[in-house]
Amino acid sequence: MDNIAGVRSSGQRQVETETGEGFMKVTYYGHSCFAAQIANQTLLFDPFITGNELATGVDPNNIPADYILISHGHSDHLGDAGDIARRTGATIVSNYEIVQWFGKQGLLKAHPLNHGGGHTFDFGRVKFVNAIHSSSLPDGAYGGNPGGFIVESAEGNFYYSGDTALTWDMKLIGESTHLRFAALCIGDNFTMDFEDAIKAADFVRCREVLGLHFDTFPPIKINHQAALDKFKAAGKHLHLLHPGASHEF
Ligand SMILES: [Zn+2]
């Protein structure tokens with residue numbers, strides 16, 4: 001059972017993986033790494049477990065993946081991606097430069113996107129959208145430009161912001177896609193803080209928010225209660241999950 005979610009602790013109660021109606025199962029693995037189950041496929045986002053002291057209960061060798069979606073080139077978003085892709089045979093989906101970089105490491109099962117473009121996979125459609133950030137790769141190579149993802153499927157749609165500032169472009173997402181949830185960075189310093197994330201949730205017209213990119217390092221530690229209260233006061237629901245925990249949106 002514990003290998004399903006890649007969680008070492010067997011005390012973690014598993015949520016039934018029942019796709020098809022009503023909800024979409026999401027598992028959080030710390031920092032900005034989460035997985036969404038769609039059509040019996042696992043979409044894993046920005047795997048960074050090794051080196052994350054808050055995710056020591058998560059075993060990267062047990063995390064399942066059919067697709068690995070990478071928002072930008074920083075090591076806190078792709079540190080475990082190569083190893084997980086090799087073990088699982090997952091398809092890497094990212095910008096063109098990051099896909100090329102993994103290709104040089106022998107990881108050729110990949111699909112490149114660039115901003116504004118999307119592609120229909122077997123589980124649904126993924127569109128690469130704007131993020132305001134930077135994107136150098138761990139060895140200093142050019143990592144293209146950072147982005148976020150909109151995932152649309154028969155089982156529901158969601159948006160992952162990647163690392164970004166609040167941007168007016170997010171309004172375009174709300175105008176065109178009905179989201180079940182939005183996975184947003186909230187930790188401040190390098191990205192939006194939780195107050196800007198509330199505005200982002202308004203822009204994309206979504207009430208259910210999975211908080212990402214907080215607490216991992218001292219500059220992005222946040223006051224959980226203050227964040228939860230602010231979201232609630234704005235009529236929204238912020239989900240702050242422990243690494244290894246799941247939620248159904
Ligand atoms: Zn980051």
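Where in the chain is Asp-80 found? In this predicted model, Asp-80 sits in the loop between helix H2 (75-78) and helix H3 (81-88).

**View 1. The loop that holds Asp-80.** Helix H2 spans residues 75-78 and helix H3 spans residues 81-88, with Asp-80 in the loop between these two helices. The side chain of Asp-80 is negative, and the residue is buried.

**View 2. Asp-80 and Arg-87.** Asp-80 has no salt bridge, although it is buried. The nearest side chain of opposite charge belongs to Arg-87 and lies 8.7 Å away. A salt bridge would need a side-chain nitrogen of Lys or Arg within 4 Å of a carboxyl oxygen of Asp or Glu.

**View 3. Residues that touch Asp-80.** Leaving aside residues up to four places away in sequence, Asp-80 touches Pro-47, Phe-48, Ile-49, Thr-50 and Pro-60.

**View 4. The fold around the site.** Seven helices and 14 strands make up the secondary structure listed for the chain. The radius of gyration is 16 Å, close to the 18 Å that the globule rule gives for 249 residues, so the chain is as compact as a globular protein of that length. Its C-alpha atoms fill a box of roughly 50 × 40 × 40 Å along the principal axes. Of contacts between residues at least 6 apart in sequence, 60% join residues at least 24 apart.

**View 5. Surface and charge.** Of the 249 residues, 55% count as buried. The chain exposes about 10700 Å², and carbon and sulfur atoms supply 48% of that area. There are 18 positive and 28 negative side chains, and the centres of the two sets lie 3 Å apart.

How values were computed
Residues are numbered from 1 along each chain as its sequence is written. This is a predicted model: local features need pLDDT of at least 70, side-chain atom pairs count only at pLDDT 80 or more; totals for chains, interfaces and linings use all residues. Side-chain values use heavy atoms; hydrogens and water are left out. Helices (H or I, at least four residues) and strands (E, at least two) are DSSP runs, numbered from the N terminus. The radius of gyration is taken over C-alpha atoms; the globule rule is 2.2 Å times the number of residues to the power 0.38. Buried means under 20% relative accessible area, exposed over 50%, partly exposed in between (1.4 Å probe, protein chains only). Contact means heavy atoms within 4.5 Å. Accessible areas come from the Shrake-Rupley method with a 1.4 Å probe; for residues, only the protein chains shown count as cover. The place of a charge is taken as NZ of Lys, CZ of Arg, CG of Asp or CD of Glu.
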